[in-house]
Amino acid sequence: RDVRSTADTDYQNAGWFHRVEWSMLPWLRWTGGFRLDRWTTWARPGEGFPSGNTLAVLNSALPALQANPGPVQVEGLREAGALAPGGTGLRTANLVATWNAGLVIPTRAGLIPYFRFGTSFRVPESTSLYLFRSFGASPTVSTISLPNTRLQPERGREFEGGVRWDGRRVRAGAGYFVNTLRDAITAVTTP
C-alpha cells in the first residue's frame, strides 16, 4: 500500500514582472522593479495519506499538545482534518506585490557607489503546510511532524549599499546588506 507524508497538492502561480532602468544623467542611473504574484494551493486527501499509524500517533498525542502547545500553532493543526480521508481539502490564495529600487552612481575614476532597497516573499511549500508524518515504530515511542495550514508567506525587506571599482586590470568591491524577515517559515518543537 502506498503511504504518503503529504497531501496531493497543486501549486499555481500567475505573475507579472516589470523592470526599468533609467539613466537620468551621465553620472546617475536609477533601477526599479515591480512584481505581482497570485499564488494558490489546493491540497486534498489522497490514497495513503495520512497513514493509519500516523493518525494513531497524532490522536494519542493531541490532547497533551492542545493542553501545552508551546510554540506549535494548534489552529493550523486543527484545520488539517480536512486532509483526512473523506475531508474536503484545503485551499490557500495569496496576492503578493514586491518591488525594488536602486541608484547607481558611476564616476569617471571608475568608482561606482550603489544602493538598493527591495521587498521579497516566499510562499510556504507543501511540506511546511501539509507534512504529516510519524518517525517511529509505534504510537508509544514516536516523533511526529505536523502540518501548519495557517502559515503565511514569509516577507522580507532588503537593503544593500556598496561601492565597486573597475580598473583596467583589476575589479574590486565592498558592500553592506541587511535583510529582515517577517513571518519566517521555521520548524518548531514542543515536548
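**Before selecting anything**

Residues are numbered from 1 along each chain as its sequence is written, and side-chain values use heavy atoms, with hydrogens and water left out. Because the model is predicted, local features need pLDDT of at least 70 and side-chain atom pairs count only at pLDDT 80 or more, while totals for chains, interfaces and linings use all residues.

**Whole chain**

Show the chain as a cartoon. Its secondary structure comes to three helices and eight strands; these are DSSP runs, helices being H or I of at least four residues and strands E of at least two, numbered from the N terminus. Along the sequence the pattern reads β-β-α-α-β-β-α-β-β-β-β. The radius of gyration, taken over C-alpha atoms, is 24 Å, well over the 16 Å that the globule rule gives for 191 residues, so the chain is more spread out than a compact globule. That rule is 2.2 Å times the number of residues to the power 0.38. Along the principal axes, the C-alpha atoms fill a box of roughly 70 × 35 × 30 Å.

Switch to a surface. The accessible surface comes to about 12,100 Å², and 56% of this belongs to carbon and sulfur atoms; the area is from the Shrake-Rupley method with a 1.4 Å probe. Of the 191 residues, 30% are buried, where buried means under 20% relative accessible area, exposed over 50% and partly exposed in between (1.4 Å probe, protein chains only). Contact means heavy atoms within 4.5 Å. Among contacts between residues at least 6 apart in sequence, 68% join residues at least 24 apart.

Go back to the cartoon and find the open sheet of six strands, which has the order 1-2-3-4-7-8 and antiparallel pairing. Two strands pair if DSSP finds at least two bridges between them.

Next select 28-44 and 90-104. These are strand 2 and strand 3, antiparallel over 15 bridges; D37 has V96 in strand 3 as its bridge partner.

Strands 3 and 4 form a hairpin with six residues between them, and G110 in the turn has a positive phi of about 90°.

At the other side, select 154-166. This is strand 7, joined to strand 8 by 12 antiparallel bridges. F159 stands opposite V178 in strand 8.

**Two residues of strand 4**

Show the side chain of T119, in strand 4. T119 is buried, with a relative accessible area of 19%. Leaving out residues up to four places away in sequence, T119 touches A97, T98, W99, G156, R157 and E158.

Now show W39 and F121. The whole structure holds three aromatic pairs. Rings of Phe, Tyr and Trp (its six-membered ring) pair if their centres lie within 6.5 Å; planes under 30 degrees apart count as stacked, over 60 as edge-to-face and the rest as tilted. The ring centres of W39 and F121 are 6.5 Å apart and the planes stand at 70°, so this pair is edge-to-face. Because W39 lies in strand 2 and F121 in strand 4, the pair ties together parts that are 82 residues apart in sequence. F121 counts as buried, at 18% relative accessibility.
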